[in-house]
Structures are given as structure tokens and as C-alpha cells.
Amino acid sequence: MAHVTVLKSLARGGSTNRLGPDDLKAILETMLRIRRFEVRAKELFLAGVIKGTAHSSVGQEAIAAGACRALEPIDFLLTHHRGHGHTIAKGADIRRMFAELMGRAPGYCFGLGGSMHIADFDLNILGANGIVGAGMGLGTGAALAEKLKKTGAIGIALFGDGAANEGIFHEAMNLAAVWSLPLIFLCENNHYGLSTPSDMVTAGPSIAARGAAYGVPNERIDGNDPIAVFDAVERAALRARSGDGPTLIEALTYRWDDHSMRANLPAYRTDREEEEWRQADPILRLRDRVIAARAIDAAELDALGQAIDLEIEAAIDWAKDQPEPTLEAALQLVMPPKPADGSPEPAPGPRALSYKQAINEAFHQEMAADESVIMIGEDVSRIGGIFGLTVGLRDAFGEERVRDTPISEGAISACGVGAAMCGLRPIVEIQLFDFVSLMMDAIVNQAAKARFMLGGKAKVPVVFRGPQGAGIRLAAQHCQSLESLFANIPGLEVYAPSNAYDAKGLMISAIRADNPVVFLEHKLFYLGAEQPVPRESYAIAPGKARIVRPGTDVTVIATLAMVERAVQAADRLAKQGLSVEVIDPRTIKPLDSETIVESVKKTNRAVVVHEAVRFGGFGGEIAATIMEQAFDYLDAPVARIGAPDMPVPYNDRLERDYMPDAGEIAAAIKEVCYVR
């Protein structure tokens, strides 16, 4: 149970004594502005002007005002769903904040993000977040970017007490400590995770004490005292700027309102408890100190309150008059780029490289050309990755840019996203693609949505790459083909090169892309023979399919390891008089539907083959595209081939049976061609 008396046990020590009367007055003004903003936002929500949801920070103003007072303009801030106060304290425009809450186009996120996603990159506010604890993972990447760029900037990742029980808390804390990142972890412990008391679900003496396990300096402070908050954050900031790494601060406070403005929950706190905390109002406490310090008198305080009221009302009136976003404009924030009309793809030439060597060469060439390109992942530095894709990078570019990480998929992926948002171009290795399931929040909720939900301000040039697919007996948890998961996520691009030439050109394109790219490499290709690859750097534009083998009787669309098997089937059937055209999309998203459809209009028949499970596989999307755009040209239903609806078996014979082969593809081709 939360008791206000806990604050009395927190002694504030080591004060910097840097806050003079004018500073106290400025902090009080910030707290008053936050309070009035939140009160009016709730009233507007109840009136139906603000819709959806929003979370009030009334009662927690001291943390926002005190912490941001200790920051420099270059410092970044990442906050959470209850983040209005933090963004206001960092200098956000209240007019644009209200416009965003009302879903208007001039809002901070074009009216597409709402209350939980306010961001202002000009002020280094990297965004609020609706995913509990996400800012900590993103903060490691942002801090890494500032460290590598040597800007001198530090950052704060704010989170609630509930987030301290998320895995990302521990993964991010460990990563920040290992890399000595300039990041402050600031927990706003308001004693409740929605309706559950934090002391019922949080083991150990305190959240702050958990920092000791990672060697991170930590302290628990009175979060209703902005001076205590300022002092703690300034001490942490000085450590971070000196290269001494992260600090964990737990600030005890209390939210006066319910979890969210739309909550209609049964009472879960006593009237007595709520009243006790209201009596500890951080604004009243600071007001008395400011008056005692003669920084302001009662009349000036009244005048300040009236001025803030007028400012808030003017902001509300302005926001109400702003237009709403259009669907057409919103779509521009997620649509992948159109294929480039630039230089043609170079001829392969006589030089040969393996698939692995081609990708490795792309890494070397792009890292040499652009210092913002970095590589992070498990075992990528010292041994070059378990499949050898990153061999030589550490010697060429050093450990600062080629970084071995802890086994922490959540932190690795979130770090990559945060670093990308702050100007780097990270390549994130997924040791085996099955492990991507542990990265889904960072990829799906952060990377894919950042540009859209932050109104187009954020670029997220990050590549998530690694080996997928069966064929080398690694069993059910190391052999999955998961491309359909990512093809279904707006904001992601999905590349799937099936040969060394495409692998190099598409990897270079992926690294240069401003959208997040999921880059699929089939494990069987790592074992393949060398193929012709140009020595020079070249980029293959996404969304341009390759006609692997021309034909006139039937079109086969195949991806990854199935491309070569489709060619084998076509070669067999050529001896029987069937002319098979084989198309490799090369990128699943964007998809070159034009090349596929034009081929089907010519051949009048189509077979789609992929290794992934047939049910729900991406082949269904290709088949639907053909049916929608070339139905009148079809002389037979579109056939689909995929794996059976089961995990990949370990037994070698069963694994071979599981994967579609040339015989199965040939049989499907003959079926649609009515050849017996």
C-alpha cells in the first residue's frame, strides 16, 4: 500500500546548490503549466473533444520539471504513455500538443500518434511510447549514437514502476552498463501499475536497488520534491558526461487521477490514501519555498497562474481550428519507396564470390563509405558471427563500430532502432532468425511504426538480418521461415535475395534505406558455390523482380531456396516440351507485382512456391494479386506450394520431405498445364 509517509524517510543529500530563486520560480512555472495542461486535457476528453485515450500526470509534475531543468538542449529524452509533463518541461509547443491530442494535422505527429507518441526531434524529444518500458531499450541506442558521434549529449529514459518488471529493464540496464552509455534510467514510481500496487509485484527492497546488480549507481528520492529530482539528475548527468555510464534513479510520487482518462474502473485506492498524497501536492510544496525565498509573492503568483491559463486556452482554441489529416497524406508515411530509376544493375562479370562473401563485401564497402554504419549482434566481432558473415569487420573498423552484444535480443533490436532514430545506420544481426520472436516489439511496434506514428519526422534506417530456413538439420526452433509475419507489418521492407549477386546489391540497398529492412538469408546459401559478383559497389532497387528463366507456357514465382528448385523443375519439363518462366521477386515488400502480372498475362498460368508453411504463407498474397489483376488471362487456377502445416522436423529424411523440391514443383506445373 502506498503511503505518503515514505517520502519523509528519504533524505536529500549532496545538493548542488545550483538552484537560485529564479530557477525555483522557473521550475514552479513549468509545474503550473503541466498541471493546467493536464486538467484541461481531461476536461476536453470528458467533453469528447479529445478522443481515444490519454494519461494524466497530475501529481507527478515535480519529476518532469526537476529532471528537465538539469538537462542541456542537446540532451535527449524518451518518455512513456504518461509523458505530457516531460515533453512540456523539455520545451514542447503546447499548441501542437493539444492539436495532436485532438488528432489534427499540425499536431506533433500529424494527428496520427496521439497522446502516447508526442515527439519533437528539434528539441531532442525522441518520443513518448505506448509500449511499457520501450524507452529504455531505445535509449540505449540513442545513447550509443551520441557516444559514437562524440556530441557530448546524454539522455533520460523515463519509465513507470511497472516497467521495472519488464525484461527490457534488465536487458537495457545491463547493455548500458557494459557499454558505459550516457543514459539515465529515471523511474517514476507512482505505486500502481494500472490498479495493482507495485509492492505486491516487485521483489527486492526497491527498484533503485536493482541497479547494484549491474554495477549501476542508484538512488531512491522524493519525486514530489523538484529540487531533490534536479540534484539527483544533475549528479547522474555529470557522471554520464564524464564517461562513467548510466545511473538508475527511482523517484517516489503518486498520480492523482485514474490510470487513464478513459478508465472506468472500480475503486482500488482508499479515499484516505488519495487525500494524504494530495496534501503532499508538489506544487504547493514548491510554492511555499519559492515564496519563502522571495522569488515571487502572492500577487505575482496569481498573475503567473492567470497568464498560464490564458496561454492554455489560446492553445486549445488554436488546436480546435486546425484541419484533420487526410488518408492520402498518412499513407505517404508508410509506403515503401518506389524502385529507383537510376543506374542499371551492373553485369555480374567474371569474378566469383560465395553468398557469404558477397554480403560480407557489402558490409565492408558500406562501412568504409559511411561512418554512420555500425554492426551489432551476438558474436559478430571476435569470430565474425556463427556463420562467418561478419569476418574481418572488427579488424577493418574497430570494436566501436562492430559490437558484440550480450545475449539480449530485446535490447539488441531496441538499441538498433534507437541508434537509427539518432542518425546511425545499424545492421542488427539475428543469430538465427527464429530468435526474431524475441525482437518483435522493437521491430513491429517501434521500427515499423516510428515514422508513421511520429508524423514522418523519424527516419529508422536499420537492417535486421540473419539466416532462416531449413535444410541443415537444426530442428523446429532454428529453421523457421517467417517472412509472412513481416510482410504483414506496414512500415517494414522485406528483402529475400536468392543468389550472391542479389545478396550484395540488396544488402547495400538495405543499408542505405531510410526505412527499416528485414533481410532474409537462407542458411543453404551459406553452403553454396561461388557465383559472379561485381567488385564495385552497387545497389539493387527494392521492388524489381528478376526473370531467372524466360518461358511461355507457365509462370513460376519462387522465393529464396525455392528459386533454384523451380529452375531445376523447369529444366526437367523443358525436355517434355513445357516452357516455364521462373520469376524471383527478390524483395517481398515492396513486391514487383507488375512483372509477375505481365508474365502471367503472357503464359496464362501460375504456380507460386515458397518454403514457409503454405497456410498463411506469402504465396497467398501473390496468388491474390494475380487473381485480382490478371483473372481474365488465367486458363487454370493459381497453384500454391509450401511446407506442410507443421514445425520443421529434425530427422533428415523428414526434413527433406518437409521442404518443397523440384519434383513437387514440376508436378504442380504439369497440373496447371493439364499435362498428365
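Which residue in β8 does Glu188 stand opposite?

A: In this predicted model, Glu188 stands opposite Ala251 in β8. The strands concerned are β4, which covers residues 183-189, and β8, which covers residues 247-252; they pair in the parallel sense over 6 bridges.

This pair belongs to an open sheet. The sheet is formed by 6 strands in the order β2-β1-β3-β4-β8-β7, and the pairing is parallel. Its edge strands are β2 (125-127) and β7 (218-222), each of which pairs on one side only. On average, neighbouring strands of this sheet are turned by 20° against each other, direction ignored. A helix also lies across part of the sheet: α5, made of residues 134-149, lies across β1 (76-78), β2, β3 (155-160) and β4. The direction of α5 is at about 165° to β1.

For comparison, one may turn to another open sheet. Here 5 strands follow the order β17-β19-β18-β21-β22, and the pairing is mixed. β17 (546-549) and β22 (639-643) stand at the edges with a single partner strand each, so one side of each has no neighbour in the sheet. The twist from one strand to the next averages 25°. Within this sheet, β18 (residues 554-558) and β19 (residues 580-584) pair in the parallel sense over 4 bridges, and Ile557 stands opposite Ile583 in β19.

Helix α21 can be described next. It consists of 12 residues, 619-630, and reaches 16 Å from its first C-alpha to its last, close to the 16 Å expected at 1.5 Å a residue. Gly619, Ile622, Ala623, Thr625, Ile626 and Ala630 are buried in α21. Seen down the axis of α21, the buried residues fall within an arc of 155°, so they line one face of the helix. These buried residues pack against β18, β21 (606-613) and β22, and also against helix α20 (593-603).

Neighbours within four places in sequence aside, Ile669 is in contact with Val554, Val556, Ala569, Leu573, Leu578, Val580 and Val607. By contrast, Ile74 is 61 Å from Ile669, C-alpha to C-alpha, and the two are 595 residues apart in sequence.

Definitions and conventions:
Residues numbered from 1 in each chain as written. Predicted model: local features only at pLDDT ≥ 70, side-chain atom pairs only at ≥ 80, totals over all residues. Heavy atoms only, no water. Pairing = 2+ DSSP bridges. Helix = DSSP H or I, 4+ residues; strand = E, 2+ residues; numbered from the N terminus. Axes fitted to C-alpha atoms, helices over the stretch in contact; angles between N-to-C directions. Contact = heavy atoms within 4.5 Å. Expected span 1.5 Å × (residues − 1). Buried < 20%, exposed > 50% of the residue type's maximum accessible area, 1.4 Å probe, protein only. Arc of directions from axis to C-beta.
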